[in-house]
Amino acid sequence: MRGKPSPGLRAYGVVVGTLLILPTLVVIPMSFSASEFLSFPPKGLSLVWYREFFADPVWMAAVGQSLQVAACTTVLSVVLGIMTALGLIRGRFRGKSALQVLVLSPMIMPLVVLAVGLFFVYSDWRILGSLGGLILAHTVIAYPLVYIAVSTSLQGMDQTLEQAAASLGANRWYAFRTVTLPLIAPGVLTGALFAFTTSWDELILSIFLSSPIVKTLPVVMWQQVQTELSPTLAVAATLVMVTTIVLVAAAAWVATRRKVVQP
Amino acid sequence: MAELGEVDMSGATNATNATATTTGAAAAPARRRPGGTGWNLLVWPALVFLAVLFLLPFFQTALRSVTDPGPANYAIFWTDPVYARSLVTTFLTALVVTVSALLIAYPYAYLMYRSTPVMAGVLTLLVILPFFTSLLVRTYAWTVWLQQTGVINSALLDLGVIDAPLPLMRNLLGVAIGMTHSLLPFMVFPIYASMRRISPALVPAARSLGATGAFAFRTVFLPLTAPGVISGSLIVFVMSLGYYVTPALLGSPNNAMLSELIVNQVEQQVEFGIGSAIGIVLLALTLVFLFLGTRVVRFKDIVTGGR
């Protein structure tokens, strides 16, 4: 009914698609370089920079702290995101649309300004350069994504199912846990994934809120980008990228399987 | 993978209707069940959380900008030409990025609209993948291509096309390439969503009344995608204003954006007052454009791309 797109338009799609994906992939061959300098195409292939990366305590500490921060941010964002979505969709109170605007705002406000503000607040509270501080800051920008994903699921859900459970004697928490939560699980999963990758990649807030001891992987990469360009940077970049892609693929796989199992 | 894109897209089409009916849908069960208002309590943790970790930081920044040492911090925009120029650079960059993203995204979204569902899924994935890849990694990868000794320049030099390396980064061109690349999804999705809302019978109807393909596209299809174009442009423009990583790595140090000056003042100069003042100017610009935008499209649609 719409007709096939013209060959010109399809060629355009191929060009744009290639330009979207290809440039980033350059870091993968670079990470396998045998030379001491970052170069493309790499001169010789080796795993020497991977060995270097995994033997370096600075990189390893950063990986560990990044994982901790991202995991905690995800849990906090999911809890807060589900509560907010339920409250905003099912609750009845004045100022609801204003609250919705407030909840979504962190996604669009200049992060540099938020980072400076949090830097002041954290200095007063003496939590500058703490993992807890980083987790809270990441949650500010990660949990609106959970909120969006969960509220989309909630709106698509048949609420009479939950009322049926209630009429059969389930209390609200039990009905939520056994009826609603399984139904909105795909939304929760998508939201959790967004939250994890947001924290895992976050740089600006982390630059301001980290310390020489507590710093995430992107912060160490940032410091390296500006000082020395060793191929371990390409290794870090490759690992950061692969982690995210594996997570996205896993989530997509789970989503597809769910469809098959529950038609 | 395509599944994930589909999840996003299906959201894109029904969200507008869904949000429009939210109040009605939520009100009904609350009436049926006496304890229904208990749901209200669930928003309190978020409210407290955002008050302390989102509103308070902005308030603190505003306070610092007028007390450390005084409101004279703002005078820097008159006294030092670097700051006035940065204001222009910030605007210009945001404008260039918005226009180039629009020019690239519109035909791409149109291709998605015309494609089979499977192909549209693949095209969605191609736009979404960079979105999932770390901004720092993507920007760093661009430096590999664009720098003086980068892939493009070396290739062109070897082929004898050019005699001296082309300045592809450390200027507006580099920033525009990097930022357009990462902001493209925010332009593609709202436009695509607005295209999907158009009844597929409209353009054939115009053609059956004698309009040529191009005329039907221009007078029927294009105007109906205006909401998507507006909200896409708005979010790309507003997000561009505050971008930091890409201009810092691909831009010219002599022509910094406001965000770079803020980082410089706070991190290097330890001038918290001046840094805060620039921050508040950047925040005010963002809010003004968002406010103007909400006159035309809803805030939720700006932020979520009509999802």
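The secondary structure of chain B consists of 15 helices and zero strands, where helices (H or I, at least four residues) and strands (E, at least two) are DSSP runs numbered from the N terminus. The model is predicted, and local features need pLDDT of at least 70, side-chain atom pairs count only at pLDDT 80 or more, and totals for chains, interfaces and linings use all residues. Residues are numbered from 1 along each chain as its sequence is written, while chains are lettered from A and ligands numbered from 1 in the order in which they are written.

Of the 307 residues of chain B, 46% are buried; a residue is buried if 20 or more other C-beta atoms, placed from the backbone, lie within 10 Å of its own. Two residues are in contact if their C-beta atoms, placed from the backbone, lie within 7 Å. Among the contacts of chain B with a separation of 6 or more, 76% join residues 24 or more positions apart.

The unreviewed UniProt entry for chain B gives "transmembrane region" at residues 41–63, 83–106, 118–137, 172–194, 215–245 and 272–292. For chain A, the unreviewed UniProt entry gives this feature at residues 12–32, 67–89, 101–122, 134–154, 174–197 and 233–255. UniProt positions follow the numbering used here, feature names are shortened, and annotations may be inferred rather than shown by experiment. In chain B, residues 172–194 are 100% helix and 0% strand, with end C-alpha atoms 31 Å apart; residues 272–292 are also 100% helix and 0% strand, with end C-alpha atoms 30 Å apart. In chain A, residues 12–32 are 90% helix and 0% strand, and their end C-alpha atoms lie 32 Å apart. Residues 134–154 of chain A are 100% helix and 0% strand, and the end C-alpha atoms of this span lie 30 Å apart.

Within chain B, the axes of α5 (residues 117–132) and α8 (residues 172–196) come within 9 Å and cross at roughly 130°. Axes are lines fitted to C-alpha atoms, for helices over the stretch in contact, and angles run from 0 to 180 degrees between N-to-C directions. α5(B) is therefore oblique to α8(B); angles under 35 degrees count as roughly parallel, over 145 as roughly antiparallel, 65 to 115 as roughly perpendicular and the rest as oblique. On the α5(B) side, B:V127, B:I128, B:P130 and B:F131 meet B:H181, B:S182, B:L184, B:P185 and B:V188 of α8(B). The residues of this contact comprise seven nonpolar, two polar and no charged. Ala, Val, Leu, Ile, Met, Phe, Trp, Tyr, Cys and Pro count as nonpolar, Asp, Glu, Lys and Arg as charged, and the others, Gly among them, as polar.

Between the chains, 76 residues of chain A are in contact with 81 residues of chain B. The side of chain A that touches chain B has 55 nonpolar, 16 polar and five charged residues. Helix α1 (residues 7–25) of chain A packs with helix α4 (residues 81–114) of chain B at an angle of about 120°, their axes being 10 Å apart. α1(A) is therefore oblique to α4(B). The contact involves A:L9, A:R10, A:Y12, A:G13 and A:V16 of α1(A), and B:I104, B:P107, B:Y108 and B:L111 of α4(B). These residues divide into seven nonpolar, one polar and one charged.

Conventions
A residue is buried if 20 or more other C-beta atoms lie within 10 Å of its own, exposed if 12 or fewer, and partly exposed in between; C-beta atoms are placed from the backbone.
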